[in-house]
Amino acid sequence: MNAIDNKWIGKRTIRPDGADKVTGRAGYSADHSMPGMIWGRVLRSPHPHAVIRGIDTSKAEALPGVKAVVTAKDIVDFPLDKSVMLGIQDMRWMCRNIMAREKALFHGHPVAAVAAISEEVAEAACKLIEVDYEVLPHVIEIEDAIKPDAPILHDFVRHEGKPSNIATTMVNKLGDVDAGFAQADLIIERSFKTRPVHQGYIEPHACTVSHAADGKVTIWSSSQGQFMVRAMTSLLTGIPQSNIRAIPAEIGGGFGAKTIIYLEPVAVMLAKKSGRPVKMVMSRDEVFRATGPTSGSMSTVKIGVKKDGSIVAAQGTFYLQAGGLPGSPLRGPVGCSFSPYNIENVLSVGYDVVSNRSKVAAYRAPGAPLGAYATECVLDEIAEKLGMDKLELRLKNTAKPGGKTVYGATFGQITFKETVEAIKNHPHYTAPLDKNPSKGVVRGRGVASGFWFNAGGESSAQVNLTEDGNVTVTTGHPDVGGSRASIANVTAELLGIDHSRISVLIGDTSSIGFSNLTGGSRVTFASAMVVTQSTEKVIGQLKERAAKIWKIDPEAVIWDNGEARPAGPNAGQFPPLTLKELAAKANEMGGPIGAGVQLNTTGADPGFATHCVDVEVDVDLGIVRVLRYTAAQDVGRALHPSYVEGQIQGGVVQGIGWALSEEYLYNAKGQLDNASFLDYRMPVCSDVPMIEPIMLEIPNPKHPQGVRGVGEAPIVPPLAAIANAIHDALGKRFYSLPMSPPKVLEVIDAR
Amino acid sequence: MAKLHVTTTINGEPTEFLCDPSQSMLDVLRNTLGLTGSKEGCGTGDCGACSITLDGRLTCSCLVLAAEVGGHEINTIEGMAQGDELHPLQQKFLEMAALQCGICTPGVLMAARALLEKNPDPTETEVRFWLAGNLCRCTGYDKIVRAVLETAAEMRSAA
Amino acid sequence: MTDIRYLAPPTLDEAVSAFAAAQGAARILAGGTDLLVQMRNGMARPGTIIDIKKIPEMTSVTESADGGFWVGAAVSGAALAEHPRFGKVWPGVLEAINLIGSTQVQGRASPGGNLCHGSPAADSVPAMVAAGAVVTIAGPNGRRTMPVEAFPAGPGRTNLAAGEILVGFTLPARPAGSGDAYLRMIPRTEMDIAVVGVGVSLTMAGGVVAAARVGLGAAAPTVLLVPDAARALVGSKLDDAALNAAAAACSAACKPIDDKRGTIVYRTKVAAVLLKRAAAIAADRAQGKA
């Protein structure tokens, strides 16, 4: 498709869900109510680690206004000896995460839930539940959890034959690293630490649930996948999927964390027991304490290069915090850290370490940022030691088409080099930087790159003509950042009609075919693909109807600019039939017009990003501020450029928070000490500059519009880019995040 | 427990409601009056998603007791558009894609409107500091700040 | 479930009576930006809430004939910022009050609430201490006053006696050549609690410091007046030696804790840095340079 000819694709149209969102009408998770609805609250463990010997709920049940109480015995038990997977989630861990079973594994772990006539009554009833805990020693940090004498969380976890907190090991290998390092002229090996960070969506988890007398369940909740909500709720309650309708509310941010559920199965069981619709809304404190975050990490990366800068071997060891139950995103650092580069010998090993923290959830390119942080900082040091330009070092080693990745895939098209060159030639990188603008202030510039797999997977769409000749498009993907706008552009383009005539909706689990999660940077890629195929079918039907009206062969009809026309003079002389005219005649000419496609999409090639950042350091206070930020990424084709830019800008600012100010802080009692937006320091508006995105549009040949996933790669480079910029400013390297003022001042004062 | 009877004005409409003395205005807006456009992101005044104006002054409705608002004037996001005519900020936010998930948007719009009423020609820095109490996790703030500046420029030239 | 009463008395006398009658079960409501958070997280469960915003004395800002100011305890930061004169005379006090929370919080939060919250990190308090503000307190036994630095008793505690209410602040008249400033260190640019805060008020004559007061926040169990730092500045031209001596005095006065917001080492260093910077700004203001 030629971009110049496009009327809608690539245009900054107004999103279909926009007016509702700027007027407060859009219905998010907590905005739904039902007649007769009661409120659910969760009782949470005050201990980070304790055996639950018994739970007495009788006093709570006796409190006036209480309608139901639920504990782990109301949730389906998945025995520990047999894994039951839903996607990447193991139900053994999910059932224990939503309601503690044998043990409370973190401070804030749900142990019971109450539904009552008001939140206050439910809260009061929770306090009346008596839990008999046997408090156990707890362990929070990775280095403590892997010590031989560490408190063991799970008796069934074995590492190298012994009880351990290392739940799983992932090894990816390419070539022979020992032989590779033997050829190296320079080897740099460094260790790094990162803290768990929360996804930080502004909308707390919430749901409203009805369990009707006939056993039919309706769930209103926001998530990154209504089909995931249905499937997980079904597994955890034992109610068949056909009896559950999950309605996707508008989602107020997820960033990966809403690819799992916390409340829905509990609310369903409360609704079933009470016979009343139940609403549950988490407080911000509960969100921080008991949902997400992503893993903290301890990594060691070793890279060997020849004098000319070519990388001959790379080795990475990544310990990731899983929280109280297994499931760190090992694949992120293990698979992504070295993948932008053409390296013959790679050994990449990940360890999944449990400790008494909340169970991690996916966060934007899960695990990849902490791997890239280590790798890209080591590369920065190598370039410095070799006296080489930092981007030249990357250009020299870019992965090649046909190259094999450490995680097993073989590269097709590769667009990494283009992102490096885009930064190299950008006025930001070439502009001089005044490194000491005033007394006590120093500045520096840093670069880093990043990689994310991207994903295809299952998607469904339905495109229908309305009787009055307009179009509705339904997909099965919650829209986290403007995907409906992209879909409207694609449909308008293909049909050749005005954008305003298309309405794009997200179907519930009973009205559209199975669609996998909004995650993995897959939604625009996959849904544009199924919408394209559905629309093409609709166009086929329109041509058939015109052919029928004209009594000519359907092959002799073309669809052009919103109209059916005879393919040429030989086909006959007929005035064109518009979509509106064909819709009006639809029923008499064969019935309603519409088509759906359900597909397991493939062809989502990886995403690459290269970033450049300028920082300023107040050397007396240790404060680092970002002055300028430029992010280059291959986006394939930007169906709606504003929302593509938005993904890049948002990902970068999350990365800035991760690098400079965000962290989970635990006190000596094993309790999260900063479970609020006040003390969990996400960037505020005045903390950051404008973020300049460079969208490289190199069409993905495996996609009808050339789309490549965009959402996740932007959070991969910032941690290292900022660390490298601070090094450029101060001449000091940092090996742990966040680079908060006390830490920065400590390093400055060490000179 | 006796509920309090409160008479107030919300978005220009005389409004009465009953509330518990400890209930927040946000709770009453959302759960008593059905005005769910104001969002609860934290309940502690740290995110700005519940921003309203009280007698024209920007505030977090989670930090106001419903009992306090008797005789005062409240404006919420639901009153920002005049019928089908969006406020210039609302229109500009749509045109410039200054929202992604949209959960912070009602609060950001209320805050931005309060800014432009006070300062029709803010600098980028002034916009950023004024909006520092409105957390947004999706956009990185770039398009929000641009949309506010652009609206201010258009409103000035139209005035 | 709860049996809370909400009262909004129109006079101070009625507020004092109601507060005393509640026998410790009442809480005063000014802006509510601390109280509502405490009620939400269960730290406060008042039986009676006494809203003082209908009491004119507590919501007014007035300049006296001699140039002093009365600031009612419940005046919001935003209202104070709109006063035509206050920010010109006490720019440091105003900037400190306007650092409390977001724009939204500014619409409600008051210096009285900030002081009564008892936090050693309260932004307005070091500036008020530096300004030499005096607080007026009303109780069952009548009115009394005390210097603002004598008001806090420890983290979350004040020297208010049972039944007493903070009515407001009196700021003294300013001699010519005076200026003040408040600086705090926070990791972000906004929305944080001060890791350290320093308020400095100076009167300059012929380029020499004639009078000085220094307030130090978030560095000890209460906000401190630091007389040693002030003494180091008085008589100097704010040369490096004097600033270093004052900064050292500020660090010496620190008795901080390690917590989630900062470390002992960091707070002690930062107190010195902020003293120097705040003194420079106050001096510029005193000499009409800023």
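Q: Which residues of H3(B) meet H5(B)?
A: This is a predicted model, where local features need pLDDT of at least 70, side-chain atom pairs count only at pLDDT 80 or more, and totals for chains, interfaces and linings use all residues. Residues are numbered from 1 along each chain as its sequence is written, with chains lettered from A and ligands numbered from 1 in the order in which they are written. Helices (H or I, at least four residues) and strands (E, at least two) are DSSP runs numbered from the N terminus, and contact puts C-beta atoms, placed from the backbone, within 7 Å. On the H5(B) side stand B:Ile144, B:Val148, B:Thr151, B:Ala152 and B:Met155; facing them from H3(B) are B:Val108, B:Ala112 and B:Leu116.

Q: How many residues of the contact of H3(B) with H5(B) are nonpolar?
A: Ala, Val, Leu, Ile, Met, Phe, Trp, Tyr, Cys and Pro count as nonpolar, Asp, Glu, Lys and Arg as charged, and the others, Gly among them, as polar. This contact has no charged residues and one polar residue. The nonpolar count is seven.

Q: What separates the centres of domain 1 and domain 2 of chain B?
A: An automatic or database domain assignment sets the bounds. In chain B, domain 1 covers 4-79 and domain 2 covers 88-158. Taken over C-alpha atoms, the separation of their centres is 22 Å.

Q: Which element gives the most to the side of domain 1 of chain B that touches domain 2 of chain B?
A: The contact takes eleven residues from domain 2 of chain B and 13 residues from domain 1 of chain B. With three residues, the element that gives the most on the domain 1 side is strand E3 (residues 51-54) of chain B.

Q: Which helix gives the most to the side of chain B that touches chain A?
A: Chain A puts 43 residues into the contact, and chain B puts in 44 residues. Elements giving two or more residues on the chain B side are helices H2 (88-95), H3 (105-118), H4 (124-130) and H5 (142-158). With four residues, the one that gives the most is H2(B).

Key. Two residues are in contact if their C-beta atoms, placed from the backbone, lie within 7 Å.
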